There are 2 protein chains.
Amino acid sequence: MTAHFEVCARDGLARTGRLRLAHGEVATPAFMPVGTYGTVKAMTPEELEGLGAEIILGNTLHLMLRPGAAVVAKHGGLHGFMHWQRPILTDSGGFQVFSLERLRKLSEEGVHFRSPVDGAEVRLTPEDSMDVQRALRSDIAMALDECTPHPASEAQARASMERSMRWAVRSYAHYHRDGDGGPPGVLFGIVQGGMHAHLRQASLESLLRLRWPGLAVGGLAVGEPEEVRLQVLEELVPHMPADRPRYLMGVGRPEDIVAAVLRGIDMFDCVMPTRHARNGHLFTSRGTLNIRNQVHREALGPIDPECGCYTCRHYSRAYLRHLERCNEILGARLNTLHNLYFYLQLMRRLRSAIEAGQLAAFAAAFLAARRDGDEPVA
Amino acid sequence: MTAHFEVCARDGLARTGRLRLAHGEVATPAFMPVGTYGTVKAMTPEELEGLGAEIILGNTLHLMLRPGAAVVAKHGGLHGFMHWQRPILTDSGGFQVFSLERLRKLSEEGVHFRSPVDGAEVRLTPEDSMDVQRALRSDIAMALDECTPHPASEAQARASMERSMRWAVRSYAHYHRDGDGGPPGVLFGIVQGGMHAHLRQASLESLLRLRWPGLAVGGLAVGEPEEVRLQVLEELVPHMPADRPRYLMGVGRPEDIVAAVLRGIDMFDCVMPTRHARNGHLFTSRGTLNIRNQVHREALGPIDPECGCYTCRHYSRAYLRHLERCNEILGARLNTLHNLYFYLQLMRRLRSAIEAGQLAAFAAAFLAARRDGDEPVA
């Protein structure tokens, strides 16, 4: 099983592409809604398809703990379990396990931690992560890496990156082993190295000794200033193979996505549109509003008059504010639909702009319209 | 504005009918999903239509408190506010306010109570209830009544019923007043009288001095034994006008609905399918199961192999149990869809059985299949 990636159009460092995976094709630059526990929170698969999502992300660590890989495997994998028939990317569990802080113990073998669900002792090695991701039958699996803490000294960042590179080799070997019908999809490697350009470069060179069908940039969006993140991308991305997809993990705000596409990134994931929706933070062409604010109490208009989503076509801000105040499930649904539409529509517009050779102008107009348009939180 | 009710088929005391209202037609016997705060919890209007719901219920008291009648009226009424274009019945607020117990003070004028939302002093008289229901522009409004406590002595039940009858006259007069474009729909009266047949009869006779286009039986499903409820219905319903719809308020379990249809009732509402769904209690042709139970951990089959709903067509019990354990919104959605489908499918089957003159046989088979099929709660 190999992914086929074809670059279609270029505009500066940005490009559009088609990524062919086991469960279908993905147009890039692509945003992947996050479905932690085998569900993109509040959405059905049909709704996600209707919004134009072509690939979603599942969290290996969460699914390992609940319901367990064996239960998912009995359904033929994550697609059958959650009734989503298009591509799925799963993370390695690495980032998630590092957020457990005091619960984990790290060694060369892997990570031991206490399950936050039931306190059980759990082990996550590169081999374990590959076993679980194969059982989930993801279209794209990710190598297990150590998420370098931020800030980190050069020595810390180097040691962490070098361990991630050894784990990448073990991940690669174990993912591609025979048995159980072989690998169900493809495996991406992850560039680490903290905020240090030379470590990022060393990490990339180390990875490129193996033939990864796609490469990710990990260890960003961990609290570093925006200009530091952009500098890492500017120094790293031009050296990443142009014929393979480049995935910036865990990013980000709409502005961050635009900035990263301008610098040559093809794939994104972030909980922001779905999590913000459940907190009443709604993205619009003029900035972000908080639907809980008093100003929306009698507002008959939609969230965003320029938006064509189901929520904006049928519901007033007054109604959405009311649902929020009453803690109604429909509020979480309608808000999530809107925010995911906003992100997926942004990706469509970015692709069109690249195809038209107008990306710089589109990005400038998009950022200018949203800047300073944010509402204060009530 | 008058409702036109046409009886189509009869089978014993049961009948099918067509009820024509301002926003469309309703086939009876009908079940009305409850949409307390301007949303049937977890569902979109399109999903309700897809399930075959032809009328829903809104709660006047809740909407009065949040977001307030004025905000709803700005949307042209509850239909525009919540994006539901078919008929709506609103209760009077009476039953809800009586459940506030210590917060309320009752007088001949009406009820004064403290808002459970913000502690504000609120008044609900028959005239207030009519004003709010007119502002909501319900297809069917309900007269304000006092829900007689259970148990109640004959004297208590009589005094309570007599006050309800005086409030019914005030409700009728105020609902039918001119101004604001006149009444937006029709007003139903409510028979009270506790568990006393002669008081029920007196209440009915009192109401029939006015021309109500439909009559409800109130004050049941308040904790009385099933045989007492059925006896009240058996003594009362044959005296209710055959040419007008009969609505049994707040009932109930599937078994209760079947029993009441057999005794001549045409309309029902209950929070049971939606509330139970959110607690993981799922109705099936073989009884009720609790999806949280360990027995469903690896169950690949649907909730009910005989069910044709979206949930049963696409999701395993193992997946639904997983969503419940993770407190996922999609779980509440899929469970609610299933339970409402079960209720609305039951109503379709009851109507078909009546049309075929097979109601007794259908009811016996339905009840036998469900009896003793319930799962213990985990």
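This is a predicted model: local features need pLDDT of at least 70, side-chain atom pairs count only at pLDDT 80 or more; totals for chains, interfaces and linings use all residues.
Trainee: How many helices and strands does chain A have, and how compact is chain A?

Mentor: The secondary structure of chain A comes to 15 helices and 17 strands. Its radius of gyration is 20 Å, close to the 21 Å that the globule rule gives for 378 residues, so chain A is as compact as a globular protein of that length. Along its principal axes, the C-alpha trace of chain A spans about 60 × 45 × 40 Å.

Trainee: What share of the residues of chain A counts as buried?

Mentor: A residue counts as buried if 20 or more other C-beta atoms lie within 10 Å of its own, and 55% of the 378 residues of chain A count as buried. Among contacts in chain A between residues at least 6 apart in sequence, 69% join residues at least 24 apart.

Trainee: Which residues have the most contacts inside the largest nonpolar core?

Mentor: That core has 228 residues, and A:Phe188 and B:Phe188 are those with the most contacts inside it. Leaving aside neighbours within four places in sequence, B:Phe188 is in contact with several residues, including B:Ile140, B:Met142, B:Trp212, B:Leu215 and B:Tyr247.

Trainee: Through which surface do the copies meet?

Mentor: They meet through the same surface, because 100% of the interface residues of chain A are also interface residues in chain B.

Note on methods: Residues are numbered from 1 along each chain as its sequence is written. Chains are lettered from A and ligands numbered from 1 in the order in which they are written. A nonpolar core is a set of buried Ala, Val, Leu, Ile, Met, Phe, Trp, Tyr and Cys residues joined through C-beta atoms within 7 Å. A residue is buried if 20 or more other C-beta atoms lie within 10 Å of its own, exposed if 12 or fewer, and partly exposed in between; C-beta atoms are placed from the backbone. Two residues are in contact if their C-beta atoms, placed from the backbone, lie within 7 Å. Helices (H or I, at least four residues) and strands (E, at least two) are DSSP runs, numbered from the N terminus. The radius of gyration is taken over C-alpha atoms; the globule rule is 2.2 Å times the number of residues to the power 0.38.
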